[in-house]
Amino acid sequence: MELRQLRYFVEVAEREHISEAAEHLHVAQSAISRQIANLEEELGTPLFERIGRNVKLTPVGKIFLEHCITALKGIDFAAKQVEEYLDPAKGTIKIGFPTSLASYVLPTVISAFKKEYPEISFHLRQGSYKYLIDAVKNRELNLALLGPLPPKDEAINTTVLFSENIHALLPATHPLAKKESINLVDLRHDQFVLFPEGYILNKVAVDACRSVGFMPNITTEGEDMDALKGLVAAGIGVTLLPESSLYDSTPRMTVKVPITIPNIRRTVGIIAPTSRDLAPSEQVFVDFISTFYSRLTRFQ
């Protein structure tokens, strides 16, 4: 069984078309057909059903595909580790991030990191809170920045970087806009604009409101941080956002106001899978970002 055969098999399985797989891999269709036939002969069972011009996996083929994908990920990771052990200052870090860390935290840390390690590159993927946790667990991503950090889980390691307050973002015309701070219960009669249910910042906001005795009146939802800010600026409602998301991009016609009671905070950190060691460049990044935020905390 050859590595080439496995890669051909996975490509055909995902495309369900031999000629499309051949075009993508830049090899002759006959070469792919021959290698898959050799693989089926070695395994002693068909992996595909031929349906006209298309192919579909047999039940055994589906099982074999799942293990092939896992094996190829392991082989690619092993090759990457060897390359990086030869030169840890070069490599590619795959890291995921949510929208709430995209405007300030992510660019800040990557910019600082690239000044010291200019030859390490990044493959960045934005995603939802649940997607990022699942992607790290199944090794689609090597690392993910998250806020808040998830509960303890045997499948992931967590590193706390910092904690921050959740602020209220109000329209500039709001009656409480000139207050130095407010209690969350002061907003009980307001309309809220929040992320949809299922987003972690929706849960943070709703849980905070519940803790002081009211359910927020959510009249508008947005899946993007800038969209929520824009809705507040338009006077549609109020929202609750992490302080770091408001550092450089508090929009015109809005005011951020600290919340005194309750003190709503979230931890921000980085997660990694427990199922394997970090590659050298990844470990360099985790060490760097941990030191970066510990220094900032000391000087605050």
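## Pairing of β6 and β10

In this predicted model, strands β6 and β10 pair in the antiparallel sense, over 4 bridges. Within this pairing, L169 has T239 of β10 as its bridge partner.

Strand β10, residues 239-242, is covered on both faces. T239 and L241 are buried on one side, and L240 and P242 are buried on the other.

## Helix α8

Helix α8 spans residues 225-233, and its buried residues are M225, L228, K229 and V232. Seen down the helix axis, these buried residues fall within an arc of 100 degrees, so they line one face of α8. They pack against β6, β8 (191-194), α7 (200-211), β10 and β11 (254-257).

At the start of α8, a side-chain oxygen of D224 reaches to within 2.9 Å of the backbone nitrogen of D226. Just after α8, G235 takes a positive phi of about 85 degrees.

## Nonpolar cores

The largest nonpolar core contains 26 residues, of which I93, I95, L143, L145, F285 and Y293 touch the most other members. At least two residues of this core come from each of β3 (91-97), α5 (105-116), β4 (120-126), β5 (143-146), β6 (156-171), β13 (265-273) and α9 (280-299). Leaving aside residues up to four places away in sequence, Y293 touches V105, V109, L161 and F162.

Another core, of 21 residues, lies apart from the largest one. Its members include L141, L169, L241 and I271. Of these, L169 is the bridge partner of T239, and L241 is buried on the side of β10 that also carries T239.

Definitions and conventions:
Residues are numbered from 1 along each chain as its sequence is written. This is a predicted model: local features need pLDDT of at least 70, side-chain atom pairs count only at pLDDT 80 or more; totals for chains, interfaces and linings use all residues. Side-chain values use heavy atoms; hydrogens and water are left out. A nonpolar core is a set of buried Ala, Val, Leu, Ile, Met, Phe, Trp, Tyr and Cys residues joined through side-chain atoms within 4.5 Å. Buried means under 20% relative accessible area, exposed over 50%, partly exposed in between (1.4 Å probe, protein chains only). Contact means heavy atoms within 4.5 Å. Two strands pair if DSSP finds at least two bridges between them. The arc is that of the directions from the helix axis to the C-beta atoms. A polar contact is a pair of N or O atoms within 3.5 Å; within protein, one must be able to donate a hydrogen and the other to accept it, and residues adjacent in sequence count only if both atoms are side-chain atoms.
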